[in-house]
Amino acid sequence: MKKIFGAKKNKDPPPSIQDATERINKRGENVDDKIKKLDEELARYKEQIRKTRPGPSQDAIKARAIRLLKHKRMYEEQRNMLYNQTYNLDQVAFAADGLKDAQQTMNAMKAANKELKGMMKTVKIEDIDNMQDEMMDLMDVSNEIQESLGRSYNIPDDVDEEELMGELDALEADMEFESSAVPSYLQPDKETDFDAELNLPAAPTAPAAVPISRQQVDELGLPAVPRASIRS
């Protein structure tokens, strides 16, 4: 059957935007090279026109230069057309990239939405509120326990503060009375100097020792005996 009807040919995939852009850029580079060569030839003809005298030879050179200028203008129009095509392809590529990014963003948001829905099924607001209420009740019970444990057993709860203040004032009055009953000379005074009040003489001090080098010695090197002691 394949020999009669022929086998179905596999179609080549359509070129991508990147392939089309690269192809157009190569064509633009070829056109630029041609324009560059024409500019070099035109510069050479311009120099020949400047050196030759007016006449048939100069007119022939001008005709060749005009023909090159026409070719150059044609290549410039082709280059501008290729530039416009490249610009259009860039715009299409930018739009395609934007759509791809938007599609990826949508897919990510859908996956996140699905995951959030699954998480919300396991978490309920009522359970959170009940847990908060239980925590508050536990904190209140804990505070009551702490207050109960910190209560003193010796101090009754019905103590009158005014009565306690009266007892404190009476205690201060008793302390002032006891301090006034002691004579003044028996009361210690930190700023009084007892030695200055009694006018006692200062304690004697030992005489300073005279160095041996300042004492008089005899011919044997011993301290000399005073003459008064010798006479006695």
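1. A residue is called buried when its relative accessible area is under 20%, exposed when it is over 50%, and partly exposed in between (1.4 Å probe, protein chains only). Of the 232 residues of the protein chain, 8% are buried.

2. This is a predicted model, in which local features need pLDDT of at least 70 and side-chain atom pairs count only at pLDDT 80 or more, while totals for chains, interfaces and linings use all residues. Residues are numbered from 1 along each chain as its sequence is written, and side-chain values use heavy atoms, with hydrogens and water left out.

3. The protein chain has 7 helices and 0 strands; helices (H or I, at least four residues) and strands (E, at least two) are DSSP runs, numbered from the N terminus.

4. Contact means heavy atoms within 4.5 Å. Among contacts in the protein chain with a separation of 6 or more, 64% join residues 24 or more positions apart.

5. Where is Thr-21 placed? Thr-21 lies in helix α2, residues 17-51. Thr-21 counts as buried because its relative accessibility is 11%. Apart from neighbours within four places in sequence, Thr-21 is in contact with Thr-86, Leu-89 and Asp-90.

6. Asp-137 belongs to helix α4, residues 125-149. Its relative accessibility is 47%, so Asp-137 counts as partly exposed.
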